[in-house]
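Please brief me on this model. Cover the backbone, the ligand site and the ring contacts.

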Amino acid sequence: MNPDTLQVHEIYRSIQGESSFAGLPCTFVRLTGCNLRCTWCDTPQAFVGGKRMQRRDVLAEALSHETQLVELTGGEPLLQSATRPLLSELCDAGRTVLLETSGERDLSDMDPRVHRIMDLKAPGSGESERNRWQNLELLTPLDEIKIVLADRIDYEWARDVILREQLADLVGEVLLSCVHGALDPRMLVEWALADGLPVRVQLQLHKYIWGADAQSV
Ligand code: SF4
């Protein structure tokens, strides 16, 4: 793929709904395309379409929203070769840069200033076998790991991985989320407290503010 252009689904300003940055103003650059098909995916609209843009124009538009925080998301941003240079250019511009990634792509050769929020896919996603476990060695305290849970089976899988791989020692935050409308957050909180897990339980703020099906928020 051309490192000078990107297939862009949308660029918009909102507040960050997840991660340790939740609640802060953030510009989102949502790129088109994903090679996974998580059963509970809430952004299937980004699988196809969007428009082809020069990387310099994506950078200019992302900066024009004037938020300190900028996130590249998707879809899966690392399917496009222009993503890595764009991440560095956003860092060069003084922004705090987040990358949301599925955990299936290789995370090596990335600007160390980027905060990577990497998913680990639990069994309920249907994509658990795509986790690239070698990525764990590349993560630093600047990064965060997110596991989205659909049920108790997913929770027990996550608990075992968190303890076996000592995830809390690898990254700044281990985030546990519920599939919206499938797993009651109260159950997750009770389970995590009962097991004494070193995690941050998070809600997707944007779904509580604008509704579960709202887009571009
Ligand atoms: S990796 Fe993300 S964008 Fe791709 S299918 Fe899964 S949830 Fe959707």
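Ser19 sits in the loop that joins β1 and β2; helices (H or I, at least four residues) and strands (E, at least two) are DSSP runs, numbered from the N terminus. Its phi is near 75°, a positive value in a residue other than glycine. The model is predicted: local features need pLDDT of at least 70, side-chain atom pairs count only at pLDDT 80 or more, and totals for chains, interfaces and linings use all residues. Residues are numbered from 1 along each chain as its sequence is written, and side-chain values use heavy atoms, with hydrogens and water left out.

**Backbone**
- Ser19 has a relative accessible area of 4%, so Ser19 is buried. Buried means under 20% relative accessible area, exposed over 50%, and partly exposed in between (1.4 Å probe, protein chains only).
- Glu66 also has a positive phi, near 60°, and is a residue other than glycine.
- Glu66 lies in the loop between α1 (55-64) and β4.
- With a relative accessible area of 66%, Glu66 is exposed.
- The peptide bond from Gly74 to Gly75 is cis, and omega is near 5°.
- Gly75 belongs to the loop between β4 (69-73) and α2 (83-92).

**Ligand site**
- The ligand takes up the space of the largest pocket.
- On a 1 Å grid over the protein atoms alone, a pocket is an open set of points with protein on both sides within 12 Å along at least five of seven lines, whereas a cavity is a set of points where a 1.4 Å probe fits but cannot get out; lining residues have an atom within 4 Å of a point.
- A molecule sits in a cavity or pocket if more than half of its atoms lie within 2 Å of its grid points.
- The residues around the ligand are Cys34, Leu36, Arg37, Cys38, Trp40, Cys41, Thr43, Phe47, Gly75, Ser102 and Lys121. The criterion is one heavy atom within 4 Å.
- This shell holds 6 nonpolar, 3 polar and 2 charged residues. Ala, Val, Leu, Ile, Met, Phe, Trp, Tyr, Cys and Pro count as nonpolar, Asp, Glu, Lys and Arg as charged, and the others, Gly among them, as polar.

**Charges over rings**
- Arg37 lies over the face of Phe47, 3.7 Å from the ring centre. The test is NZ of Lys or CZ of Arg within 6 Å of the ring centre and within 35 degrees of the ring normal.
- Arg152 places its charged end over the ring of Trp191, 4.9 Å from the centre.

**Aromatic pairs**
- The whole structure has 3 aromatic pairs. Rings of Phe, Tyr and Trp (its six-membered ring) pair if their centres lie within 6.5 Å; planes under 30 degrees apart count as stacked, over 60 as edge-to-face and the rest as tilted.
- Tyr12 and Phe28 form a stacked pair, 5.3 Å centre to centre with 20° between the planes.
- Tyr12 is in strand β1 (residues 5-15) and Phe28 in strand β2 (residues 25-31), 16 residues apart.
- Both Tyr12 and Phe28 are buried.
- Tyr155 and Trp191 form a tilted pair, 5.3 Å centre to centre with 45° between the planes.
- Tyr155 is in helix α3 (residues 152-164) and Trp191 in helix α5 (residues 185-195), so the pair ties together parts 36 residues apart in sequence.
- Tyr155 counts as buried because its relative accessibility is 0%.
- Trp191 is buried too, at 14% relative accessible area.

**Met118**
- Met118 is in strand β6 (residues 115-119).
- Its relative accessible area is 0%, so Met118 is buried.
- Met118 and Ala182 are 64 residues apart in sequence and 22 Å apart in space, C-alpha to C-alpha.
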